[in-house]
Amino acid sequence: MHSLETARKAMLAGLEPMAAESVLLAQSAGRVLAVDVAAAVNLPRFDNSAMDGYAVIAAEAGTGAQLQCVGEVPAGSAFEGTLQSGQCLRIFTGSPMPAGANAVVMQEDTRVEVDRVEIAEGVKPFEHIRLRGEDVKESEMIGHAGEVMHAGRLQLLGAAGVARVEVYRRPIVGVLATGDELREPGEALGEGGIHESNRLALAELIRETGAEARVYPLVNDTLDATKAALRQAFDECDAVVTSGGVSVGDHDYVKPALEALGGELDFWKVRIKPGKPFVYGRLRGKPLFGVPGNPVSAMVTFLVLVRPGILKLTGATDLELPAHPGVLAVPLVNRGDRRHFMRVRVDAAGQVHAAGLQASHAVGPLGQANALVDVPPETTLAEGAKVTVLRFVG
Ligand code: AMP
Ligand code: MG
């Protein structure tokens, strides 16, 4: 049986990002940069005013000075001439500094009568001026391959004049659930039926990686149905996540179906709790992530195994769940011989609370849980212990 680390290593070694394509910056949100990006211009582009006020020659704009206002520079325009001794110019936030001026007096620090401006509070050279290139220099690298285009990066690249970017194609990930007992929402449950819920959670976790989730109909527990469902999903998707049907039961068909279609089984079973029966294989070079059907096992194996695999396909270089320090508000006990990824709720102060029943079928805690704590085998972590929490809800 693989450890989590060897399983991840074996899986990640065989996965490559999707092909890159050029898109308009406006279409790149949430995508991953495939190449490094340089700034096309300096930021600020030109020396400009940080305030609404008056552009002045600092040496002449001490407290009590009287200046003559000779015009104005609205944002988006430029003053043609050069400011002369004794003069000032009405200026606004973002307006280019006129030639000859080297400071701005805030409007609140002046007394104005028609075109006479009295300086109530003197300024020093460069006060209230935003200097050309002080933020970003032209040609500076402002984006790197593997980085996600989040709001801040869109802001930066847009301001720096980047019109198009090379990003990786979003992987399409098929989501299948196997099990004769499963019913669609709203469908009558009948004897022994249960509501299917893994596809909802898995599809959302897939979207959170930046990939596209494609959800398929429920799959019955027969070899033929499983083969047909896998064949279609592999035809239409770049990767497939299945739930259920990976244990040792007589009705577990994911592995035999993959092999019957000519796929390879890379590994089965990982030494973690929950989620031991996780399966990883490939068909036509595309990955199959087989998570166990128990809802908690499905989520935990997704977070620690499938998520990094899908992120690698997206081209992202940061594959890890965000890890933060926390302090246990309750003890966490793992009596088993596998590391246990326990579901917890970490609050804003870093206090880590148990989220409820720690069993692989127990969905009760999942509404409040926002993180995992990796508890080593046969270990009790006492109340007050410092732990690392792996966040999966922001
Ligand atoms: P399996 O991995 O197929 O042996 O299923 C393990 C347990 O998880 C069983 O109790 C199933 O009924 C339950 N289960 C399997 N798939 C799902 C699903 N998609 N949604 C909710 N529960 C499921
Ligand atoms: Mg099953």
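1. Some ground rules come before the tour. Residues are numbered from 1 along each chain as its sequence is written, chains are lettered from A and ligands numbered from 1 in the order in which they are written. In this predicted model local features need pLDDT of at least 70, side-chain atom pairs count only at pLDDT 80 or more, and totals for chains, interfaces and linings use all residues, while side-chain values use heavy atoms, with hydrogens and water left out.

2. Let's begin with the domains, whose bounds come from an automatic or database domain assignment. The protein chain is split into domain 1 (4-16 + 170-314), domain 2 (20-43 + 134-168), domain 3 (48-130) and domain 4 (323-391). Between the C-alpha centres of domain 2 and domain 3 there are 35 Å.

3. Next comes a pair of helices. Helices (H or I, at least four residues) and strands (E, at least two) are DSSP runs, numbered from the N terminus. Helix α1 (residues 4-13) packs with helix α6 (residues 295-314) at an angle of about 25 degrees, and their axes are 10 Å apart. α1 is therefore roughly parallel to α6. Here axes are lines fitted to C-alpha atoms, for helices over the stretch in contact, and angles run from 0 to 180 degrees between N-to-C directions. Angles under 35 degrees count as roughly parallel, over 145 as roughly antiparallel, 65 to 115 as roughly perpendicular and the rest as oblique.

4. Which residues of α1 and α6 meet? From α1 come Leu4, Ala7, Arg8, Met11 and Leu12, and from α6 come Val304, Leu305, Pro308, Gly309 and Lys312. The residues of this contact between α1 and α6 divide into 7 nonpolar, 1 polar and 2 charged. In this scheme Ala, Val, Leu, Ile, Met, Phe, Trp, Tyr, Cys and Pro count as nonpolar, Asp, Glu, Lys and Arg as charged, and the others, Gly among them, as polar.

5. Now find threonine 242, in strand β17 (residues 239-243). Is threonine 242 buried or exposed? Threonine 242 is buried, because its relative accessible area is 1%; buried means under 20%, exposed over 50%, and partly exposed in between (1.4 Å probe, protein chains only). Setting aside neighbours within four places in sequence, threonine 242 is in contact (heavy atoms within 4.5 Å) with Leu176, Leu230, Val254, Leu288, Phe289, Gly290 and Val291.

6. Valine 35 sits in the loop between β1 (20-24) and β2 (37-38), and with 36% relative accessibility it counts as partly exposed. Valine 35 and glycine 143 are 108 residues apart in sequence and 8.0 Å apart in space, C-alpha to C-alpha. Leaving out neighbours within four places in sequence, the contacts of valine 35 are His144, Ala145 and Glu166.

7. Look for two cis peptide bonds as well. One joins leucine 43 and proline 44, with omega about -10 degrees, and proline 44 lies in the loop between β2 and β3 (48-49). Another runs from lysine 273 to proline 274, with omega near -10 degrees; proline 274 is in the loop between β19 (272-273) and β20 (279-283).

8. Finally, check some backbone angles. Arginine 284 is not a glycine, yet has a positive phi of about 50 degrees. Arginine 284 is in the loop between β20 and β21 (286-291) and is exposed, at 52% relative accessible area. Glutamate 378, also not a glycine, has a positive phi of about 45 degrees. Glutamate 378 is in the loop between β26 (371-375) and β27 (379-381), and its relative accessible area of 60% makes it exposed.
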